[in-house]
Amino acid sequence: MTNSSQTEGVAPSRLDSASLDAHFDDLYPIFDDHEARVASDRCYFCYDAPCVTACPTAIDIPLFIRQIQAGQPEGAARTILSQNILGSMCARVCPTETLCEGACVRQTAEGNPVEIGRLQRYATDGLLLANEHPFSRAAATGKRIAVVGAGPAGLACAHRLAMGGSDVTVFDAHAKPGGLNEYGIAGYKAANGIAQTEVDWLMGIGGIEIATGAELGRDTTLDDLSERFDAVFLGMGLAGVNALKIPGADLDGVRDAVDFIDELRQCEDLGTLPIGRHVVVIGGGMTAVDAAVQSRLLGAEHVTMVYRRDRAAMAASDYELDHAATEGVTIVTDAMPVAIHGEGKASEIEFAYTSSGANGLEKTGETFRLRADQVFKAIGQTLEGAPTVLTLESGKIAVDAAGRTSLAGVWAGGDCATGGEDLTVTAVQQGRDAADDIHASLMGGAG
Ligand SMILES: Cc1cc2nc3c(=O)[nH]c(=O)nc-3n(C[C@H](O)[C@H](O)[C@H](O)COP(=O)(O)OP(=O)(O)OC[C@H]3O[C@@H](n4cnc5c(N)ncnc54)[C@H](O)[C@@H]3O)c2cc1C
Ligand code: SF4
């Protein structure tokens with residue numbers, strides 16, 4: 001350790017390696033057998049269970065918890081994975097407090113839900129870490145499908161199609177598959193290389209080929225894919241970011257939060273990653289929280305997250321915001337950035353207080369400044385590189401309930417398409433459901 005949290009400017013190695021290892025280890029360790037039984041005993045196995053309705057992939061939660069209780073974790077894993085093939089990652093990243101656990105009757109009655117996420121992880125990790133694939137392929141259909149994007153949507157789609165007997169080629173611009181599971185999710189939610197372990201395990205179904213470093217628009221076109229394959233699924237996420245249009249936005253030390261997190265996730269030695277003494281994150285969503293929390297975990301002394309509206313309007317959940325506060329992040333609301341100051345590099349950021357008026361968000365006229373060696377912009381991602389022939393809606397590829405785009409033979413799902421919630425689990429659901437529709441339509445059962 002060469003520096004400390006008080007070292008001025010942007011510096012690496014603010015914490016020793018033991019602290020960094022501990023900070024970026026699993027947020028919640030996996031249940032042991034006894035803990036899983038105790039947690040599963042709390043389930044009432046509700047009829048018409050609200051937790052199932054709240055799960056975008058409609059996992060039969062009471063059934064898998066009953067299987068754990070009966071000492072059959074592999075059966076439980078199969079129940080989960082038959083609905084959500086990325087069930088292991090979802091167990092780590094799902095905002096369960098607003099989905100299944102938020103709807104659990106024990107949450108409603110006692111404010112203490114059954115720990116569904118941790119039970120799901122207990123069940124699925126067993127198969128994953130043993131690299132046992134529980135499904136097999138149906139008879140070959142002779143159909144070939146191109147999937148663009150190896151993120152949760154693309155992988156879920158590819159797996160479902162391969163299981164149905166089709167051959168799938170997945171094209172991804174990045175060097176590694178996994179999408180934001182590999183490049184975006186906070187390190188402490190995806191510790192110990194779980195994203196790649198899950199992809200390797202998923203590939204165990206057979207019939208899927210992944211071409212990395214292959215970008216639609218640069219290395220191939222939609223016309224080309226439509227010609228070579230029987231159907232195309234687009235799961236290309238949101239590769240662009242919104243620009244911050246204020247003076248000083250181009251100073252050194254100002255960067256997109258997603259780039260920072262990408263670098264962090266791919267960093268072999270976190271001690272080499274430079275971080276500011278004073279970090280300011282602009283935004284109120286999950287990306288902002290993750291950038292802020294991970295800055296603190298790298299040893300930044302002061303981290304402030306600033307959002308232009310009030311707390312209720314923040315996209316991050318109360319759970320995420322409380323977690324950020326517990327890690328020492330200061331959260332400021334009702335303030336928008338107006339300028340970043342510094343000589344060549346950022347040193348301060350100026351905000352204007354806001355209030356909601358008749359004409360929307362208005363500046364109150366009062367301003368304040370925060371010290372900032374680093375400013376991370378987490379003000380939203382945008383669709384980039386989508387084929388122009390497709391109809392867009394609210395900046396995303398327009399799809400119907402089955403994932404069909406405006407162009408015959410082309411489906412889309414996940415963050416790049418309408419209808420999801422920019423969550424891993426909704427991307428999986430959309431990829432899975434599009435695969436079912438592709439299969440039915442190619443086999444003459446729909447369309
Ligand atoms: C920082 C951050 C933290 C998040 N944390 C959480 C969380 O804790 N929980 C949660 O549920 N959700 C979280 N999300 C959201 C979640 O990661 C996404 O909703 C999910 O990954 C969407 O999956 P996807 O497959 O649609 O897209 P992505 O995961 O973005 O995958 C898209 C893939 O397409 C590839 N691609 C893009 N363009 C092209 C092209 N032209 N040609 C070929 N390939 C292309 C990309 O390389 C990428 O691999 C987070 C998002 C971010 C940014
Ligand atoms: S709502 Fe809660 S108690 Fe009821 S089945 Fe779901 S997890 Fe069990």
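Asn131 lies in the loop between helix H9 (116–129) and strand E2 (144–148), where helices (H or I, at least four residues) and strands (E, at least two) are DSSP runs numbered from the N terminus. This is a predicted model, in which local features need pLDDT of at least 70 and side-chain atom pairs count only at pLDDT 80 or more, while totals for chains, interfaces and linings use all residues. Residues are numbered from 1 along each chain as its sequence is written, chains are lettered from A and ligands numbered from 1 in the order in which they are written, and side-chain values use heavy atoms, with hydrogens and water left out.

Most residues other than glycine have a negative phi. Asn131, which is not a glycine, has a positive phi near 50 degrees, and Asp422, likewise not a glycine, has a positive phi of about 55 degrees. Asp422 is placed in the loop between strand E19 (410–412) and helix H17 (424–442), and Ala173 is found in the loop between strand E3 (167–172) and helix H11 (180–183).

| Residue | Relative accessibility | Class |
|---|---|---|
| Asn131 | 53% | exposed |
| Asp422 | 40% | partly exposed |
| Ala173 | 41% | partly exposed |

Not counting residues up to four places away in sequence, Ala173 touches Gly213, Ala214 and Glu215, contact meaning heavy atoms within 4.5 Å.

Leaving aside neighbours within four places in sequence, Ile61 is in contact with Cys51, Val52, Cys55, Cys100 and Ile116.

Cys51 and Ile116 are also among the residues that surround ligand 2, together with others including Cys43, Tyr44, Phe45 and Val114, a residue being near a molecule if one of its heavy atoms lies within 4 Å of it. By class, this shell has 12 nonpolar, no polar and no charged residues, with Ala, Val, Leu, Ile, Met, Phe, Trp, Tyr, Cys and Pro counted as nonpolar, Asp, Glu, Lys and Arg as charged, and the others, Gly among them, as polar.

Definitions and conventions: Buried means under 20% relative accessible area, exposed over 50%, partly exposed in between (1.4 Å probe, protein chains only).
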